[in-house]
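Please examine the sequence and the structure shown below.

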Amino acid sequence: MCNDVVSITKKLVSIPSVTPKDLGCQDFLIQRLSSCGFKIEILNFNNTKNFLASKGEGRSLLFLGHTDVVDPGCLEEWETNPFSPKIRNNYLYGRGTSDMKGAIAAMLGATEGFILKNPKHVGRLLWLITSDEEGEGTDGIRKVSNILKERNEKVDFCLVGEPTSEKKLGDCIKNGRRGSLNAELKIYGTQGHIAYPFLADNPIHKSLKFLKELSRYVWDLGNNFFLPTQIQIYKVFTQNPCRNMIPKILEVEFNFRFSPLRTIKELKNIVYFLLKKNNLKYSIHWQLYADSFFSRSIQLKTLLSQCINQITNFRPVIKTSGGTSDGRFLIDISDEIIEFGLKNNTIHKVNECVNILDLKNLEKIYTSLLEKIFL
């Protein structure tokens, strides 16, 4: 029986639940939550497993998380087996220890301990867990949130257990995230012999000014909560079969990380303007990976900051940096969304690990939050 946060983490990490596979993580959680009196609703779609657990009525807090992990990569580079968790020098090693099975273990320990001590508490505690946060997420929280919206479900507070801490546990919490917009651009010229450039039209040469303008454009200046919108060109290539040929097509791929200060339409229109300005013939395919979101989250931010200060003796900084998270799908369900979890310095890396003391303190912080909300 896994009765402490370290044992629960080891149990979850030992299950190789690479996106979108779950392989029993959620069965374990469901069994434990059912034993605490939670009502369980299975919401699986295709290869993705999801469940919603709820207990009680009244003021509500939702724990949001995911049981899937990224692929461990080259196993030979790991000092330990990524799915055979080991403790070394007070650190627990294994894929998912920080992102985010350690946080789920802390949530479970806090939930079980709180209910055991306060069986007659007033309020509603919920869990929402998916097995596809690290992947496309098509059948995960995105789809479940649509069901909840159709039911007019509302939650007072939502805590996402993503690893937000940077140098110390609790030094950073997040109340929003930038969006992610990808573009696959093709710029067309005329193919020809490289010795006779006047008989061809080189799309690479034609695009240099445009690419410079694109990379240096000031999209916005950011604000107190968000960094300025940023663009990164991450691939420039041609399908040129030989060295003595001017290619017909230059392919460019780039990504926006954008704040709510810019709409998706505005970003696209600026790109179109720059393309037209440089007289480029092109085609472009856009893919929105995630929209930006922001939650002012006054009450939850205050309560959680108090809990963190109580355990760590310092107050967290509020940020919106980093990648995307499933919190964006619940913005219509909860007015107060905060992300807070373990340190993120080893996530998605070889030898991912978590400090044992951080695990235990995270459970204490989550427990303190439950007490502040429900007692």
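**Aromatic pairs and a sheet**

The count of aromatic pairs comes to twelve, where rings of Phe, Tyr and Trp (its six-membered ring) pair if their centres lie within 6.5 Å, and planes under 30 degrees apart count as stacked, over 60 as edge-to-face and the rest as tilted. One of them joins phenylalanine 63 and tyrosine 366: the ring centres are 5.7 Å apart and the planes stand at 50 degrees, so this pair is tilted. Because phenylalanine 63 lies in strand 3 (residues 60–66) and tyrosine 366 in helix 8 (residues 356–374), the pair ties together parts that are 303 residues apart in sequence. Helices (H or I, at least four residues) and strands (E, at least two) are DSSP runs, numbered from the N terminus.

Phenylalanine 63 has a relative accessible area of 0% and is buried; tyrosine 366, at 0% relative accessibility, is likewise counted as buried. Buried here means under 20% relative accessible area, exposed over 50%, and partly exposed in between (1.4 Å probe, protein chains only).

The model is predicted: local features need pLDDT of at least 70, side-chain atom pairs count only at pLDDT 80 or more, and totals for chains, interfaces and linings use all residues. Residues are numbered from 1 along each chain as its sequence is written, and side-chain values use heavy atoms, with hydrogens and water left out.

Another pair is formed by phenylalanine 254 and phenylalanine 256, whose ring centres are 5.9 Å apart and whose planes are at 85 degrees, so the pair is edge-to-face. Phenylalanine 254 counts as buried at 0% relative accessibility, and phenylalanine 256 counts as buried at 0% as well. Both belong to one aromatic cluster, formed by Tyr217, Trp219, Phe254, Phe256, Tyr272 and Trp286.

Three strands form an open sheet in the order 4-5-19, with antiparallel pairing; two strands pair if DSSP finds at least two bridges between them. Strand 4 (86–88) and strand 19 (353–355) are the edge strands, each pairing on one side only. From one strand to the next the twist averages 25 degrees.

Three bridges link strand 4 to strand 5 (residues 91–93) in the antiparallel sense. Arginine 88 stands opposite tyrosine 91 in strand 5. Helix 3 (residues 97–117) packs on the sheet, touching strand 5 and strand 19, and its direction makes about 50 degrees with that of strand 19. Contact means heavy atoms within 4.5 Å; axes are lines fitted to C-alpha atoms, for helices over the stretch in contact, and angles run from 0 to 180 degrees between N-to-C directions.
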